[in-house]
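User: I would like to learn how to read a structure feature by feature. Could you walk me through one?

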Amino acid sequence: MGKVFIYWDNSNIFISAKEIATEREGEGARPRIRIHFRNLLDLARADRPVHHAVAVGSVPPELRYVWNRLENEGVDVRLLERGALHGREEGVDQLLQTCMLRDLSDYNGDPGIAVLLTGDGSGFADGAGFHADLARMHRKGWGIEVLSWRHSCNRRMREWAEENGVFVALDDFYESVTFMEAAAPGQPIVEARHVRPLDLAARELSTPRPPTTP
């Protein structure tokens with residue numbers, strides 16, 4: 001089956017979830033939508049043992065306990081202060097890409113399955129960014145899986161993942177990987193929504209393969 005390695009850009013996933021929530025549940029949903037970390041992690045690993053997982057995100061202090069739960073699941077959590085998150089969030093990108101390239105080097109000759117949670121595919125033409133690093137891993141025989149929202153995933157990266165691995169549209173699991181907090185006083189009214197059980201029956205999987213000769 002191959003070792004599973006998870007690389008999770010939470011800021012990218014969360015910001016894009018706000019747009020989906022607005023489309024599906026109205027403008028009042030934007031400030032109340034939340035990611036259900038445990039279910040999203042379960043969707044990423046898909047009942048497979050995880051060899052290495054790293055998640056990068058920001059933290060208002062009230063969410064620290066949620067990140068602690070991920071750490072208890074064996075995820076290497078790296079948090080940045082919100083003031084450091086701006087523009088293209090290059091610090092987040094570079095941290096995750098460094099982890100990907102280190103795993104590619106450390107497991108050279110023993111490829112695993114790279115599960116990437118982001119829609120950011122910029123930089124490919126210059127040999128940089130998540131898409132370029134996924135391509136490097138693919139050439140070395142790694143299985144590739146990209147989990148992202150359809151509307152916000154870089155089109156070239158999505159099409160490449162569909163052709164060379166697996167693309168998992170989070171839209172298809174929206175009510176299982178998100179939930180809605182009730183509106184606070186003075187905010188637009190939105191009904192609370194609990195998370196639905198996660199069904200992995202339709203979850204496609206990738207596998208390692210022989211490396212491509214340069």
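Predicted model: local features only at pLDDT ≥ 70, side-chain atom pairs only at ≥ 80, totals over all residues.

User: How many disulfides does a search of the whole structure find?

Analyst: The general idea first: a disulfide is a covalent bond between the sulfur atoms of two cysteines. Here, the search of the whole structure finds 0 disulfides.

User: Let me step back to the overall picture. How many helices and strands are there in the chain?

Analyst: The chain has 7 helices and 8 strands. Of its 214 residues, 49% are buried. The accessible surface comes to about 10600 Å², and carbon and sulfur atoms account for 49% of that area.

User: And what share of the contacts joins residues 24 or more positions apart?

Analyst: Taking contacts with a separation of 6 or more, 70% are between residues 24 or more positions apart.

User: What does Ile 6 touch, leaving out residues up to four places away in sequence?

Analyst: The partners of Ile 6 include Leu 41, Ala 44 and Arg 45, along with Val 50, His 52, Val 115 and Leu 117.

User: How should I read the aromatic pairs, and how many does a search of the whole structure find?

Analyst: For a ring pair, look at the distance between centres and the angle between planes; the search finds 5 aromatic pairs. One of them is Trp 8 with Phe 37, which is edge-to-face, at 5.7 Å centre to centre and 65° between the planes. Trp 8 lies in strand S1 (residues 4–9) and Phe 37 in helix H2, so this pair ties together parts that are 29 residues apart in sequence. Both Trp 8 and Phe 37 are buried. Elsewhere, ring pairs link Phe 5, Tyr 107 and Trp 142 into a cluster.

User: You mentioned H2. How many residues of H2 are buried?

Analyst: In H2, 8 of the 9 residues are buried, so the helix is largely enclosed by the rest of the structure. Among the buried ones are Phe 37, Asn 39 and Leu 40, and also Asp 42 and Arg 45. Just after H2, Ala 46 takes a positive phi of about 50°.

User: Asp 42 and Arg 45 are charged residues. How do their side chains meet?

Analyst: An α-helix has 3.6 residues a turn, so residues three or four places apart point the same way. Asp 42 and Arg 45 both lie in helix H2 (residues 37–45), 3 residues apart, about one turn of the helix. Their side chains meet in a salt bridge, 2.7 Å from N to O. Asp 42 is buried at a relative accessible area of 18%, and Arg 45 is buried at 16%. Arg 38 and Glu 73 join Asp 42 and Arg 45 in a network of salt bridges.

User: How many salt bridges does the count come to, and which parts does the one between Glu 181 and Arg 32 tie together?

Analyst: The count comes to 17 salt bridges. In the one between Glu 181 and Arg 32, the closest N and O atoms are 3.0 Å apart. Glu 181 lies in the segment after strand S8 (178–180) and Arg 32 in the loop between helix H1 (10–25) and strand S2 (33–35), so the pair ties together parts that are 149 residues apart in sequence. Glu 181 is partly exposed, with a relative accessible area of 28%, whereas Arg 32 counts as buried at 11%.

User: For contrast, is Glu 27 buried or exposed?

Analyst: Glu 27 is exposed, with a relative accessible area of 53%. Glu 27 forms a salt bridge with Arg 30, the closest N and O atoms being 3.6 Å apart. Arg 30 is partly exposed at 31%.

Terms used
Residues numbered from 1 in each chain as written. Heavy atoms only, no water. Helix = DSSP H or I, 4+ residues; strand = E, 2+ residues; numbered from the N terminus. Buried < 20%, exposed > 50% of the residue type's maximum accessible area, 1.4 Å probe, protein only. Contact = heavy atoms within 4.5 Å. Areas by Shrake-Rupley, 256 points an atom, 1.4 Å probe, with all protein chains shown as cover. Salt bridge = Lys/Arg side-chain N within 4 Å of Asp/Glu carboxyl O. Phe/Tyr/Trp six-rings, centres within 6.5 Å; stacked < 30°, edge-to-face > 60°. Disulfide = S-S within 2.5 Å.
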